[in-house]
Structures are given as C-alpha cells and as structure tokens.
Amino acid sequence: MTISKGTTIQQIAELANVSTATASRVINQPETVKPETLRRVLQVMKELNYQPKQNITRLLLATFPNFTNPFYSLCIRGMQEAARKRNYKIYLQQIDDPTKTESYDFLLDNHLFHGIIFTHPLPDKQLLDLILIKHPVVMCSQYSISDDVPCVVIDDYAAAQNAVSYLISIGKKRIALMNSQQDYSCSLYRENGYLDTLKEAGLPVYPEFITHVNDVDYSLALSAALNMLSGKVRPDAVFCISDVFASAVIKAAGQLGLSVPEDVAVMGFDNVALCNMTIPTISTVSQPMYQLGWQSSNLLIDQLEGIPVVSKRIVLNTDIIVRKST
C-alpha cells in the first residue's frame with residue numbers, strides 16, 4: 001500500500017470499510033469502537049503511516065445573550081463535555097445586544113476560534129454569511145435563518161400545543177401567555193402553538209392576556225404578572241415560556257391573594273432546578289437542555305473534521321412534567 005503524506009481521515013475510512021465518523025472515533029474516542037473495527041482501522045493507519053494529531057486542543061466559541069437564564073447552565077455543560085471528549089475546548093461569550101451588527105465585529109477579525117455555536121438569532125443573513133466565510137456555525141435552541149447552517153432544536157410549536165392542551169384538559173378556559181420578545185424563533189413558534197391550540201379548542205384569545213417581557217428576568221416578569229392578574233378579567237391559567245416567568249407568576253398570585261392552582265394554574269418551560277424550589281412546585285415543559293448542548297458541539301466538530309452532516313436540523317423531544325402549580 002502506497003504511503004501518502006496527504007492521507008485524509010476520509011481515505012482511512014474508505015480503505016477500512018467504515019464510516020468517516022467511525023474512523024474519527026478511533027482517533028478521538030477509541031473506547032467507543034468495537035474491537036474488530038478498531039483493529040481494522042488501526043491497521044490501515046499503520047500501513048499508510050498515518051499520524052493523527054491527537055494532542056492539539058482546538059478552540060470553539062459559544063455565544064449567549066446572557067448568563068442569567070438558568071436554561072443555559074445544563075446546555076453549557078453538554079457543550080463542554082462533548083467538546084472535551086473530542087479534544088476541543090469551548091470558550092463562552094456574552095453578546096450584550098444580539099440585534100446589533102457591531103456586536104459581532106470581534107468575530108469578523110478573529111482567527112483564534114475554529115467554529116461557533118450561537119444560542120440566539122443574528123441581526124440578518126448578510127452578517128451570518130460574513131461569519132460563515134471564516135467559521136463553521138451551528139445554532140443551538142434557535143432555528144437558523146439560513147438553510148446552510150445546522151441547528152439543534154426542539155419542536156417549540158408542538159411543545160406549546162401540548163402545554164396548552166394539558167391546561168385545557170384540567171378545565172382551564174381563560175389561558176394567558178407570558179412570552180419573551182419574538183426575535184427568537186422559539187418564542188415565535190411557542191406563541192403560534194398557544195394561539196392555534198386555543199382556536200382549535202374553541203376558546204377565546206384575550207389580547208390583554210398575551211404579554212411579552214423584554215428579557216428572561218424575574219423582576220420584569222413579576223411586574224408583568226402583577227399587571228396581568230390585576231385586570232378586570234383575570235386568566236385562570238398562565239402558560240409561561242420560561243420557568244423564571246412561572247416563578248414570577250406564582251409570586252404575583254400570592255401577593256394578590258390568589259391561590260395556585262385553584263385561582264390560577266401556572267405552566268412553565270424548560271424544567272430547570274427552580275421548578276422544585278417554589279411553593280407550589282412548577283409544572284413545566286421539560287426540554288433536554290444538556291442534549292441540546294451536547295449535540296450542538298458534536299455537530300460543529302463534525303463539520304470541522306469533514307464528517308458528513310446527515311441532517312442539518314436535529315429536533316429533540318420534550319415532555320410535560322406535572323407538579324403542584326397545575
């Protein structure tokens with residue numbers, strides 16, 4: 001067999017009759033490969049005198065709109081652990097205002113990072129295209145504005161439908177929504193799921209029951225909840241797109257002398273640790289935060305290592321967790 005200085009991992013995979021992903025795992029995660037397959041790939045590498053660069057840590061960047069939202073905690077852990085297993089390191093960056101183009105100037109002149117994970121929308125496709133010239137990109141928990149960019153998401157529309165359907169099933173008829181700004185695809189899809197489910201059930205949509213909070217912030221949500229629950233017509237349930245919002249609604253209800261769930265049921269979203277810290281505990285939509293981060297890192301690294309991306313949209317499942325707030 002001829003020795004080639006330009007041997008690639010794809011050639012190794014072809015000669016060993018395995019996938020490129022399996023050949024990559026032989027280098028980065030040999031403990032996950034079957035012994036016979038491991039032996040065959042290593043033999044091909046030996047015959048080709050292939051010397052993988054195993055000890056060079058490459059750098060990735062994950063950007064966030066803030067670090068106060070507890071949703072990101074498990075997501076970050078998933079990103080970091082997946083990257084570490086494949087000999088990559090992830091740096092974390094807060095983008096204070098993701099809607100401004102100038103917030104991304106540092107990326108256009110940066111040659112330190114090999115790839116980027118965004119957890120928030122970008123201002124426009126033109127900026128995204130400029131970033132893609134320099135860096136592979138993956139969107140995490142956020143649909144991409146470009147078909148060229150892979151994303152790891154949940155079905156936000158279906159998750160909202162399931163949450164509202166559950167509230168309807170326990171007899172609630174005046175269901176409110178506490179949402180964030182609709183710049184985020186998840187917020188838009190969740191609101192559409194909420195509206196369509198009410199319409200399909202023949203229930204009224206009260207415009208005054210739909211609130212948009214500027215950020216996932218407890219104080220802002222508490223103020224919005226007090227205003228919502230003090231109206232002449234009061235909701236008998238509130239579907240919140242964050243567990244932080246749900247905790248604020250429970251607090252507001254208590255301040256107004258309302259009982260949860262008897263006077264107003266509360267449904268959150270995410271299933272963060274906060275759900276078990278409130279009285280009553282929070283019913284919520286549980287999404288796989290750790291897996292969102294894990295899959296995002298692996299999808300980005302696959303691009304960097306030339307491993308074919310089977311699907312550019314990975315959609316993970318959600319569940320309804322029923323606790324005392326409903």
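Contact here means heavy atoms within 4.5 Å. The model described below is predicted.

**Helix 1**

Helix 1 spans residues 9-16, and its buried residues are I9, I12, A13 and A16. Viewed along the helix axis, these buried residues lie within an arc of 100°, so they line one face of helix 1. An α-helix has 3.6 residues a turn, so residues three or four places apart point the same way. The buried residues of helix 1 pack against helix 2 (20-28) and helix 3 (35-47). On the face turned away from the buried side, helix 1 carries E14 and L15, which are exposed. Just after helix 1, N17 has a positive phi of about 60°.

An open sheet is built from 6 strands in the order 7-6-8-9-10-12, and its pairing is mixed. Strands 7 and 12 stand at the edges with a single partner strand each, so one side of each has no neighbour in the sheet. On average, neighbouring strands of this sheet are turned by 20° against each other, direction ignored.

| Strand | Residues |
|---|---|
| Strand 7 | 210-213 |
| Strand 12 | 319-321 |
| Strand 9 | 265-270 |
| Strand 10 | 283-286 |

Strand 9 and strand 10 run parallel and are joined by 4 bridges. F269 stands opposite V285 in strand 10.

Helix 8 (residues 185-200) lies across strand 6 (175-180), strand 7, strand 8 (237-240) and strand 9. Helix 8 runs at about 170° to strand 6.

Terms used:
Residues numbered from 1 in each chain as written. Predicted model: local features only at pLDDT ≥ 70, side-chain atom pairs only at ≥ 80, totals over all residues. Heavy atoms only, no water. Pairing = 2+ DSSP bridges. Helix = DSSP H or I, 4+ residues; strand = E, 2+ residues; numbered from the N terminus. Axes fitted to C-alpha atoms, helices over the stretch in contact; angles between N-to-C directions. Buried < 20%, exposed > 50% of the residue type's maximum accessible area, 1.4 Å probe, protein only. Arc of directions from axis to C-beta.
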